[in-house]
Amino acid sequence: MLVRMTTNADADGAAQSPQRPEPDLEQAPEPEAKPRRRAPAGAAVLREDVTEAIRAAVFGELAAVGYARMSIEGIARRAGVGKTAVYRRWRSKLHLVLDLVSALAVQGLPAPDTGTLEGDLRLLYEVTSRALRHPVASQVIPDLQAEAARNPEIAEALQKALREGQAGVANGIVEAARARGEIRMHIDGELALDVISGPLYWRAVVVRGPKPPKGYLESLIRATAAALKAL
């Protein structure tokens, strides 16, 4: 699951409380021998298991209905919590999605260290290809890309998340290849990032085709390695 993230709302909640009381799954049960005490205002403890359930529910809702039709009610229902649990962490569905998308850059991809340029590219492409073919990712990424055209905040967060996540790994591959003498010391870093990351995202977001044909990744690895050596 996603790494621990900073939320956009504090424990007090930034939205108005619902009119009708809802079950609050974050209230830890107390032993029967102890009298129940009301927690002081502002002292709510955000349970990590509830937070993780909400995050998972967001991706499920995005994949099922898309951003435009997604609602806090639907997220809470899928997570098995009350709406107040969601509002304690995020002010709105926009802030919730922005937080999760921004976390993708922090989560990152594994940094390959196989000892060869082609080996590093192979590991990166195998992991990325599987991730992009996941049913949730294949629905969520194109939907957020479409929403980004209408919402500058989502556009900025998505661009930052995808770019930073890929740039960190691609730069590591390039630096390792330089140190081994497999590519020239001075190459265009921006162009190298485009060469390494572009093909799979093109297939995932634009073509949106099925699993790449047999031998595609190996051919892509050789072509990308040759291109980097030619830069």
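The model is predicted, so local features need pLDDT of at least 70 and side-chain atom pairs count only at pLDDT 80 or more, while totals for chains, interfaces and linings use all residues. Residues are numbered from 1 along each chain as its sequence is written, and side-chain values use heavy atoms, leaving out hydrogens and water.

Let's start with the cores. A nonpolar core is a set of buried Ala, Val, Leu, Ile, Met, Phe, Trp, Tyr and Cys residues joined through side-chain atoms within 4.5 Å; buried means under 20% relative accessible area, with a 1.4 Å probe and protein chains only. The largest core has 31 residues, and Val-58 is one of those that touch the most other members. Helix α1 (48-69) is among the helices that each supply at least two residues, and α1 gives the largest share, seven residues. Helices here are DSSP runs (H or I) of at least four residues, numbered from the N terminus. Another core, of 23 residues, lies apart and includes Ala-170 and Ile-221.

Next come two residues and their contacts (heavy atoms within 4.5 Å).

| Residue | Touches, not counting residues up to four places away in sequence |
|---|---|
| Val-58 | Met-70, Ile-75, Leu-96, Val-97, Leu-100 |
| Thr-224 | Leu-121, Tyr-125, Val-195, Ile-196 |

Thr-224 sits in helix α9 (residues 216-230) and counts as buried because its relative accessibility is 3%.

How values were computed. Buried means under 20% relative accessible area, exposed over 50%, partly exposed in between (1.4 Å probe, protein chains only).
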